[in-house]
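Below is a set of questions and answers on one protein and DNA model. The sequence and structure come before the discussion.

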Protein chains: 2
Amino acid sequence: MAATSQIDQQLVAELRERGLRVTPQRIVIHRALCSQSRHMTAEQVLASVSDVLPGTSLPTVYATLELLEGLGLVRRVGTGNGAVVFDSRIEPHAHTVCRRCGAIADLEGTAAPDDVLNRAGATGFVPDHAQLVVWGLCAACAATAVRS
Amino acid sequence: MAATSQIDQQLVAELRERGLRVTPQRIVIHRALCSQSRHMTAEQVLASVSDVLPGTSLPTVYATLELLEGLGLVRRVGTGNGAVVFDSRIEPHAHTVCRRCGAIADLEGTAAPDDVLNRAGATGFVPDHAQLVVWGLCAACAATAVRS
DNA sequence: ATGACTGCAAACTCTTTGCACAACA
DNA sequence: TGTTGTGCAAAGAGTTTGCAGTCAT
């Protein structure tokens, strides 16, 4: 694991600070999430990681994703159609999900309103993150749907 | 299926209009979702339905929930922690999900901003529904967390 | 040296599918 | 009466668990 990039350094610092071990798998999985196009499933992470670190197993991927989520370096996005993807973008942003093909895309410049967090807090709930998912048809699927 | 309530009538009308059959299972499953406390899992729906209609099967519950979702009478809410629940409230409203105990609650008076739908539409995406989920700790879990 | 982490295999949960029977229209 | 819908059983996908060996510290 040479060529310690800035991305890696952040992870290593977080791990060291908590007395957790720095392993090649954790480095590579974190890199995969940060560098690849976003919204990766566990399977996609494994595929990406396997190029660099053959033999890596799916249980390790899941364990590491859970760890990274706990460190706040990765977000889990659940769409409700059964798909769960992991996103390395921490800043609040919405996602669009196509009902037909399942494609997930970022929606830039759309944060969940503070209003919602405040309202949640008023009920005694302690919010830490808001996730906004927009359902519908992506441009490609909408085009074919019209034709039918 | 006597005692046709207003809830039932809406379902029957929708089914008839599309040439679909009106079956006891569909009536009872729809009633369960509308009358019970909200956010039911498929298993919970089955349990509730089984009191009235013993022998009802899980595949039928899933098929009917999918049908009702297609009719717009029920919403599927995916939280990302693996739980998928069904909600009979159609009006836009947010949900809070507890990271610790998994409890799901409604957040009144919080619709996803039109802004988001407009922005999604600007990308060619055809939105039909926005789902807003707030992650954090529910009041009960937050209280015990502080204590530790 | 020692204890945490990984890999393998298997188990587990949730959901869907195939097919024969039943029942709505 | 003709299909559509249901129930049963089994398959399928995705994720988690147990355990032995390995590796970071």
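User: How are residues, chains and ligands labelled, and what pLDDT do local features need?
Analyst: Residues are numbered from 1 along each chain as its sequence is written, chains are lettered from A and ligands numbered from 1 in the order in which they are written, and side-chain values use heavy atoms, with hydrogens and water left out. The model is predicted; totals for chains, interfaces and linings use all residues, side-chain atom pairs count only at pLDDT 80 or more, and local features need pLDDT of at least 70.

User: What percentage of the residues of chain A count as buried?
Analyst: Buried means under 20% relative accessible area, exposed over 50%, and partly exposed in between (1.4 Å probe, protein chains only). The C-alpha trace of chain A spans about 50 × 45 × 25 Å along its principal axes. Of its 148 residues, the buried part of chain A is 42%.

User: Is H93(A) buried or exposed?
Analyst: H93(A) sits in the loop between β2 (84–87) and β3 (94–98) of chain A. Its relative accessibility is 9%, so H93(A) counts as buried.

User: Which side chain joins that of H93(A) in a polar contact of 3.1 Å?
Analyst: A polar contact is a pair of N or O atoms within 3.5 Å; within protein, one must be able to donate a hydrogen and the other to accept it, and residues adjacent in sequence count only if both atoms are side-chain atoms. The side chain of H93(A) reaches the backbone oxygen of E91(A) at 2.8 Å. Leaving aside neighbours within four places in sequence, H93(A) is in contact (heavy atoms within 4.5 Å) with residues including L107(A) and T110(A). The side chain at 3.1 Å is that of D106(A).

User: Which element gives the most to the surface near DNA strand D?
Analyst: A residue is near a strand if one of its heavy atoms lies within 4 Å of it. DNA strand D is surrounded by 18 residues, with Y62(A), R21(B), T23(B), Q25(B) and T60(B) the closest. With three residues, the element that gives the most is α4(A).

User: Which oxygen of DNA strand D lies 2.6 Å from a polar side-chain atom of R21(B)?
Analyst: Of the atoms of DNA strand D within 4 Å of the protein, 72% belong to sugar or phosphate and the rest to bases. A polar side-chain atom of T23(B) lies 2.8 Å from a phosphate oxygen, and a polar backbone atom of S57(B) is 3.3 Å from a phosphate oxygen. For R21(B), the atom at 2.6 Å is a base oxygen.

Key
Helices (H or I, at least four residues) and strands (E, at least two) are DSSP runs, numbered from the N terminus.
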